[in-house]
Amino acid sequence: MSEQDQPILRVEALSKRYGDRLAVDQVSFDLWPGEVLAVVGESGSGKTTLLNCASARLLPDSGRVDFLTRHEGVVDVYRLSEAARRLLARTDWGYVHQNPADGLRMDVSAGANVGERLMALGERHYGRIRQEATQWLSRVEMQEDRIDESPATFSGGMRQRLQIARNLVTRPRLVFMDEPTSGLDVSVQAKLLDLLRTLTHQLHLASVIVTHDLAVARLLAHRMMVMKDGRVVEQGLTDQVLDDPQHPYTQLLVSSVLQP
Amino acid sequence: MNADVSRAPDSSDSGYNFAYLDERTKRMIRRAILKAVAIPGYQVPFGSREMPLPYGWGTGGIQVTASIIGRDDVLKVIDQGADDTVNAVNIRRFFTRTTGIATTERTVEATVIQTRHRIPETPLQDHQIIVYQVPIPEPLAKLEPREAETKMMHGLAEYGLMHVKLYEDIARYGHISTTYDYPVMVDGRYLMAPSPIPKFDNPKMHMNPALQLFGAGREKRIYAVPPYTKVESLAFDDHPFEVQRWEQHCALCGAKDSFLDEVITDNDGGRMFICSDTDYCGQRRENLAAVPANVAEAKSA
């Protein structure tokens, strides 16, 4: 099979319990190269737990996650050694946190934040690291002259852009995003969504986006999954699910959106 | 090194065991030292004891010294290169009282050298052991506060973060501004904090014939650099590692190859630069005094 015929990420029957409570119950999905999948649902529906289990940040109780690597074919992520898994997580994967402070080093400059992954991969040339960092700042539409400033002095929107740049610098093929635009005001949200759409398209990024905001799903995602109480209740093409919701919960969700 | 348990200590304070620590504690510390020597640069946890002086005064170094010192050893203690500063004097007196062994200020005569923040200028020999007092053994501590995470990073040799610090230095100051406790890679594997020695001393650690032991009392860690081990200071390809240089020579002995301290002499801006290593400076002055003045001038010019 050629690379195009295989999903880049295959999640099979993933389950995670917190004590007696089942947070994620037997969730499976495939993600294809360049595809954006939105996971929507209300708070506590297990979206973020699913994302963390799929991105090897949280050990699931059962299920498996297969990833199509660049050179070694499909690997079972949880069978990899911890070293290999961590390497994968900082090269071919990205993870964008809801709160940028969780994903950034707030006490070092923007340039060092972007360059960290490069240095972790063994880049030892200051000039090249800086050049690459400058390039990425401009790609996420930040002013290049803020490269030496601390993210603590940045606005929420800029921090989020910086977090995205920091993740994309190693050219990952898969990015996990946990509510990337919540906590930002609407105009900043719109700009960031626009940027994300451009970047995922340009870089042919596959992405899993967890969001409670249906507008984000509508704008970015090709496909979406609706979760409730740890289960997937409905999935399909984004427009199809949003325009013609079948499951009562999805209908409720779609009808709850305020129309200005 | 060869403490004889059966003999009663003939030191002045006979109420204590030889070198203060009880023999079980010494064995425990020696085991930690052996492990540390076997894995160069790896921080071995040990059961650090309460010592009769406060943390930050070299409790780690003292425990290491107490565990390895024997009756035939000759001890030298330095603090920032000097034998006559308060920390050095106290620790030397502590060991004199609890072991009764000989002490010296001469680097060449010592078999065990306990040091705070310097490596002697006189090259060490293969029969010597140098014991460093370490305040913070974890080089990544300031960058990554989670200890579980730094342990993982050591385990998997993920050391990119240390370069983030150096990057930050260059971005802010135009050069690597870290001047002491400059991170090193030991034997190509473990990232190590060389204790707050000036980076001037870093090259001396590389392939040193002496055994180098590091004790951190508060943090309860021991690590080591065995003799003839590669110790490499981190750097960037386009910003290589450099040591401090001075325009001046030592005002007392004229040395131009040693680490100089700036000493303020009066309230009118008067100052002089002198060797921080008092033994090295003293030896040079003795040698200079021994030869006629005109020869000495020709030499130091």
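**Close-up 1. In β9(A), M224(A) is the bridge partner of A38(A).** This model is predicted, so local features are given only at pLDDT of at least 70 and side-chain atom pairs only at pLDDT 80 or more, while totals for chains, interfaces and linings use all residues. Residues are numbered from 1 along each chain as its sequence is written, with chains lettered from A and ligands numbered from 1 in the order in which they are written. β3(A) (residues 36-40) and β9(A) (residues 223-228) pair in the parallel sense over four bridges; pairing here takes at least two DSSP bridges between two strands. Strands are DSSP runs of E with at least two residues, helices are runs of H or I with at least four, and both are numbered from the N terminus. Five bridges join β3(A) to β8(A) (residues 206-211), again running parallel, and V36(A) stands opposite S207(A) there.

**Close-up 2. Strand β3(A) is largely enclosed by the rest of the structure, since five of its five residues are buried.** Buried means 20 or more other C-beta atoms within 10 Å of a residue's own, exposed means 12 or fewer, and partly exposed is in between, with C-beta atoms placed from the backbone. V36(A), A38(A) and V40(A) point one way from the strand, and L37(A) and V39(A) the other way. In a regular strand, side chains alternate between the two faces of the sheet.

**Close-up 3. An open sheet of four strands in chain A runs β2-β1-β4-β5, with antiparallel pairing.** β2(A) (21-31) and β5(A) (74-76) stand at the edges with a single partner strand each, so one side of each has no neighbour in the sheet. On average, neighbouring strands are turned by 20° against each other, direction ignored. β4(A) (residues 62-68) and β5(A) pair over three bridges, and F67(A) has V75(A) as its bridge partner. Helix α1(A) (residues 47-54) packs on this sheet, touching β1, β2 and β4 of chain A, and its direction makes about 120° with that of β1(A). Contact means C-beta atoms, placed from the backbone, within 7 Å.

**Close-up 4. Helix α4(A) (residues 110-120) meets α5(B) (residues 160-173), their axes coming within 9 Å and crossing at roughly 140°.** Axes are lines fitted to C-alpha atoms, for helices over the stretch in contact, and angles run from 0 to 180 degrees between N-to-C directions. The two helices are therefore oblique to each other; angles under 35 degrees count as roughly parallel, over 145 as roughly antiparallel, 65 to 115 as roughly perpendicular and the rest as oblique. On the chain A side, the residues involved include G111(A), G115(A) and M119(A), while the α5(B) side includes H163(B), V164(B) and Y167(B).

**Close-up 5. α4(A) is mostly covered, with eleven of its eleven residues buried.** The cover includes α2, α5 and α6 (156-168) of chain A, together with α5 of chain B. The contact between the chains takes 17 residues from chain A and 14 residues from chain B. α4(A) gives the most to chain A's side of it, with six residues.

**Close-up 6. E179(A) lies in the loop between β7(A) (174-178) and α7(A) (186-202).** This residue is partly exposed, with 19 other C-beta atoms within 10 Å. Neighbours within four places in sequence aside, E179(A) is in contact with Q98(A), V210(A) and T211(A).

Terms used
Contact = placed C-beta atoms within 7 Å.
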